[in-house]
Each structure stands twice: as C-alpha cells, then as structure tokens.
Amino acid sequence: MSRPDAAPAVATGAPTGRRASRRESRRESRLDPQRAPQRTPLSRKRVDTVVSRSVAWFGIVFGLQAVPGLLSQYALGQPLWSALAVGAIYGSLLTALLCSTIKRWVVGSHLLVSFVYVVALVTWPFFLADPAVPQQGDHWLYQLTTVATATAAIGFRVRGALAYLIIVPLIYGIIRATPQGGGGPWELGLFNAIYAIILGGAVLVIVTMTRAAATSVDEAQGAALDRYSRAVRQHATEVERVHVDSIVHDSVLTTLLTAARAETPEQKALSAQMAANAMRHLDEAALVSPDDGSTVRFRQLADRIVSAARQMPVPFSVRVRSLDTRVIPAAQAEALYSAAVQAMMNSVQHAGGPEVRRWLKVSGVHGGAVEIEVGDAGGGFDPEQVPAERLGLRRSIVERTANAGGEAALRTAIGRGTVIVLSWPVFTAPHAEPSSFDEAGGTA
C-alpha cells in the first residue's frame, strides 16, 4: 500500500531508493551517537603497525631502484657471493613486508634486514671476481644504506638504532676509499657516509617522535580510564546503597508488617512468599563485592588467570594478546578472576579427562574493554537441564560477572563443547564472535 505523500516527494525531486536510504541512515547516525561509526583511537600498537609497514614498503621501493646498479655490477663479484647477497637482501626485504602485513615477527624481520645488509657490506670487498677490476662509482649496496638504517629504527631501541645509523654508513665510506671499494678519495667516502646518516637520521627522528607521541596517548587514555573507573565505582556505590535501602524498607519491613497482620491461610501463604522474596533480594545484594577504590592493571589480572590455568590438573592452551595500559577496578578484577577460575574448574570437572582440548584466551578489545574466554571440546550440556540447586554456573560465574558490571555469555550444546566468554564492561565490549575449537597458543 503506497503512502499518500509519495507522489509529491517524487515530483519535488526528493531522493528515492538507495540514495534516500543512505541519507536517512546518515541522519539517524547523527541523531543517535550509539549508531554512529566508532573511530579507533590512536595507540602505540597502531602507530608501530603503520610505521613498520611504511618502512617495509620503503625498502621495497628503494630495492627496486637499486636493481639497475645491481645488474651492471653483478659480474664484478664472485658468482656465489653475488647470488647469496642478492637473494638474502631482497628475501629479507620481502620477509619484512610480509611480517609487517600480518603483524607477526615484525621486529625480528626488520632486524634481519639490518643484519643481512651489514654482512653483505662487510664481505663485499673480499669477494670481488677480479680485485684488480673494482666497480666504478658507488656500489649498489650504497642505495640500500638508508633502508638498512630505517629497518634498524624499527628493530632496535633508540640507542641501538642511533649507533647503527652512525657506524654502518661510516663502514661504507671507509670501504669506498679502499682500492677494493673503487679507490675513491676519502672525501667522497665521507660525503657518502654523511649523506646516508642525514637521510637515516630523518627516518629515525620521525619513528622515535611518532612512537613517543603514541605512548603519551596510551598513557593519557589509561589515566582517563582510571578516572572514569573511579567515577563509575562511586556511582555504583550510590546505586547499591539505594538498592539495599529499598530492599530493607520495601521488602523486609513490608514483609514483617504483612506477617504480623496475617490471619487467614491465604494471608499467611502470601507473607511466606514475601519473606522468601526478601531473602532472595538480600542474598543477591550480598553478592556485590566491597570496593576499596583501588585498581589493578589488566596485565596483572591476565597474569593471575594464566597462573591459575597452569595450576589446573589438566592442560589448558593459553593465548594472551593486546595487554596495554588499561586499568580495572580491583573489585571487578577480583570478580572476573574468580569467575574465570570457576569456569576452568567446571571444565575440569565436567568436560572429560586430560584428552579433551581446553583453552583460555585473555584479550583486550576496542573501547578499553577486556574479554576472557574459557572453552573446551568436551561433551557439552543442555543449560535448561541444569538443576536449580546447582549454583556453580549461575551464581559463581554469571551473577558474579553481572554484579561486577560485566557479562558472561555461555555457548554450549550436547556434543559441541562449552565456551564461556566473560566481558567487562558490558557497554564497551563488542559481541563475542563464535569460537572454534582450534585455538592457538602454548599449553599451560
């Protein structure tokens, strides 16, 4: 059924179809901040990723520019040395690019480029095909000096990268002034060394300053989260005080008054039911842990949980990632730790013997949230069939995590294993993705 105003909208040239839908979506995003796309904040990890990839591509580009000089001077070196040097240098550059892309072994791959370049540079004069016929002009390795100093800025700390920046170009300048290096005047060798130091120094300054700025941002984010956590705890304390007061005044006092006035069997049954509800409310309120205002680092919480996993009577595969400067209130951290340990104990007791694969994953997610996943490939169970008196899952894991401001998600089925995901806080933690039973990590 069409709307009465459809025709005027088309007649006045209003957007229709897909264009109107996109415009309406943008308008709703501006009106509803929760639907607006979230920007990932700047962090040291993101900066390191961008810088390492930039340096890796920088190495590939300079490596391609060095190919003409390499081809013209390839026959001047001994065939074996030339093949090994070319293969090692360009292979290490490709390795650095691959590792930077997948974000694994980034530092080691850049150190590999720096090391291979030094070896090739130092051994070059000793493996000339004819020592009486050195190359004319600069060696093709000189065009990769800045690449080597840039990768050293990624792989080494600042002092190590600075020493590499000065020493390696000077080595080339010295070799360039020797007969095996072309017999150039020492002024030319010194000029080449200074030029390479200036270029490499610019790269080192950019990398160092960018990393320092990102570290400052991480620390500022950690301090802001700390202040926010304190404000949340103060608010939670006030809410809890009001909650307990309401239980005492509304439930307990009302129950006592009703019981005192009960005369008929129906009134007595009602007062008994009200008493049971009041006791349940008080029991739930008692589950809230006291908060002394202290905080702990996420890394400390992860270390405690991993240590508990290693002490379990059966092995757990452990994976820990994205541990940064975020902090957690001590009470919430204790609740998450206790819930994680209880989840592992449930797996030990009910999932099967040591042959069953079990894993623990502790990770930081976007928005300052944390996530703890405990899973196994055991027999699983039907949550609907768990007796009400069994409190291990409901009380020790689900309710404890919820009272701490987090969320415990259970995924299980008979024959499909069990996965429990603890996330804190709820309003910033993204939805957990389905987890497979092929988790990576070392055995605890």
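How many residues apart in helix α3 are F58 and F62, and why are they separated by about one helical turn? The legends below start with that pair. This is a predicted model, in which local features need pLDDT of at least 70 and side-chain atom pairs count only at pLDDT 80 or more, while totals for chains, interfaces and linings use all residues. Residues are numbered from 1 along each chain as its sequence is written, and side-chain values use heavy atoms, with hydrogens and water left out.

**View 1. F58 and F62 form a tilted aromatic pair.** The two residues are 4 apart in helix α3 (residues 44–65), so about one helical turn separates them. Helices here are DSSP runs of H or I with at least four residues, strands are runs of E with at least two, and both are numbered from the N terminus. The ring centres of F58 and F62 lie 4.4 Å from each other, with 45° between the planes. (Buried means under 20% relative accessible area, exposed over 50%, and partly exposed in between, with a 1.4 Å probe and protein chains only.)

**View 2. W124 and Y172 form a stacked pair.** Their ring centres are 6.0 Å apart and the planes meet at 20°, which is why the pair counts as stacked. W124 sits in the loop between α6 and α7 (145–155) and Y172 in helix α8 (residues 158–177), so the pair ties together parts 48 residues apart in sequence. Both W124 and Y172 are buried. With Y142, these two residues form one aromatic cluster.

**View 3. Helices α5 and α6 pack roughly antiparallel to each other.** The axes of α5 (residues 79–102) and α6 (residues 106–123) come within 8 Å and cross at roughly 160°. Axes are lines fitted to C-alpha atoms, for helices over the stretch in contact, and angles run from 0 to 180 degrees between N-to-C directions. Angles under 35 degrees count as roughly parallel, over 145 as roughly antiparallel, 65 to 115 as roughly perpendicular, and the rest as oblique. The contact comprises 12 nonpolar, 6 polar and no charged residues.

**View 4. K103 and W105 lie in the loop between α5 and α6.** Most residues other than glycine have a negative phi. K103, however, has a positive phi near 60°, and W105 has one near 55°. K103 is partly exposed at 47% relative accessibility, and W105 is exposed at 66% relative accessible area.

**View 5. Helices α11 and α12 are roughly parallel.** Helix α11 (residues 298–310) and helix α12 (residues 330–350) pack at an angle of about 20°, with axes 10 Å apart. Their contact includes L301, R304 and I305 of α11 and E334, Y337 and M344 of α12. It divides into 10 nonpolar, no polar and 2 charged residues.

**View 6. A cis peptide bond joins W424 to P425.** Its omega is near -10°. P425 belongs to the loop between β7 (418–424) and β8 (442–443).

Terms used:
Nonpolar A, V, L, I, M, F, W, Y, C, P; charged D, E, K, R; others polar. Phe/Tyr/Trp six-rings, centres within 6.5 Å; stacked < 30°, edge-to-face > 60°. Contact = heavy atoms within 4.5 Å.
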